[in-house]
Amino acid sequence: MKRNVSLEEISDGRLYSRNDMVRADCGGCKGCSDCCHGMGESVILDPYDAWRLSGGLGVPFAALLEQKLELHVVDGIILPNLKMDPKTDACGFLNEEGRCSIHGFRPGVCRLFPLGRYYSEEAGKKEFHYFLQIHECPMPNKTKVKVNRWVDTPDLARYETYVTRWHYFLDAVEKKLPGMEEEQARNANLLILKLFFLKEYEPEDFYGQFETRMQIAEEAFE
Ligand code: SF4
Ligand code: SF4
């Protein structure tokens with residue numbers, strides 16, 4: 001989800017890379033679960049999240065969409081997000097102790113928090129950096145931690161390449177959608193949903209499977 005705010009307003013003004021130290025460590029959160037409440041539709045999932053969640057829970061992604069996830073239109077594209085419980089306004093994966101019940105395979109946005117991603121494209125080079133959101137997490141006296149350790153994702157360099165690819169793919173689709181007929185746009189959305197989320201993934205080699213699917217999608221959107 002793109003946000004039209006200036007980086008100065010919401011961050012400490014710095015951009016970070018995976019080997020930088022950042023003051024983001026909340027020390028185990030100490031009973032706080034603020035960022036697992038009231039998130040609306042903002043915790044959007046990507047295909048890696050779909051693979052990690054359905055593999056971790058042993059449940060097809062389509063079944064998760066009937067329970068703890070939902071679909072929303074984000075910048076013109078239908079994407080899944082974590083669903084907040086209508087009564088408690090808490091994420092459906094938050095347990096009674098106020099802890100994440102899927103910590104080992106929680107989505108990328110949850111792994112980052114309170115970091116965010118800042119995408120940029122210069123001289124044809126597409127990439128993103130991390131930034132520290134200063135108004136989102138109330139825990140005082142956060143300590144410094146290496147970004148790589150905080151994000152807690154295997155082979156982070158490869159993951160970052162994938163995240164960038166996915167972001168700019170969605171960006172390209174978003175730009176094409178206004179020029180499409182209604183039915184064409186609906187079919188485009190269905191293709192993305194089925195190809196990257198509903199079609200089940202094998203447990204091994206997510207990135208290889210993603211690349212194959214991306215080639216199909218890129219041909220379809222040529
Ligand atoms: S708001 Fe900060 S301290 Fe509270 S659960 Fe989220 S990351 Fe932890
Ligand atoms: S998946 Fe876990 S960390 Fe993320 S919002 Fe839900 S309970 Fe919180």
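**Cys-100.** I looked up Cys-100 and found it in the loop between strand 3 and helix 4. Helices (H or I, at least four residues) and strands (E, at least two) are DSSP runs, numbered from the N terminus. The model is predicted, so local features need pLDDT of at least 70, side-chain atom pairs count only at pLDDT 80 or more, and totals for chains, interfaces and linings use all residues. Residues are numbered from 1 along each chain as its sequence is written, and side-chain values use heavy atoms, with hydrogens and water left out.

I checked its contacts (heavy atoms within 4.5 Å). Leaving out residues up to four places away in sequence, Cys-100 touches Phe-93, Leu-94 and Arg-106. Ser-33 is 67 residues away along the chain, yet its C-alpha atom is 8.7 Å from that of Cys-100.

**Helix 7.** I compared the length of helix 7 (residues 182-198) with expectation. The expected span is 1.5 Å times one less than the number of residues. Next I listed buried residues of helix 7, among them Ala-185, Ala-188, Ile-192 and Phe-196. An α-helix has 3.6 residues a turn, so residues three or four places apart point the same way. The buried residues of helix 7 pack against several elements, including helix 2 (47-57), strand 2 (69-74) and helix 8 (206-220).

How values were computed: Chains are lettered from A and ligands numbered from 1 in the order in which they are written. Buried means under 20% relative accessible area, exposed over 50%, partly exposed in between (1.4 Å probe, protein chains only).
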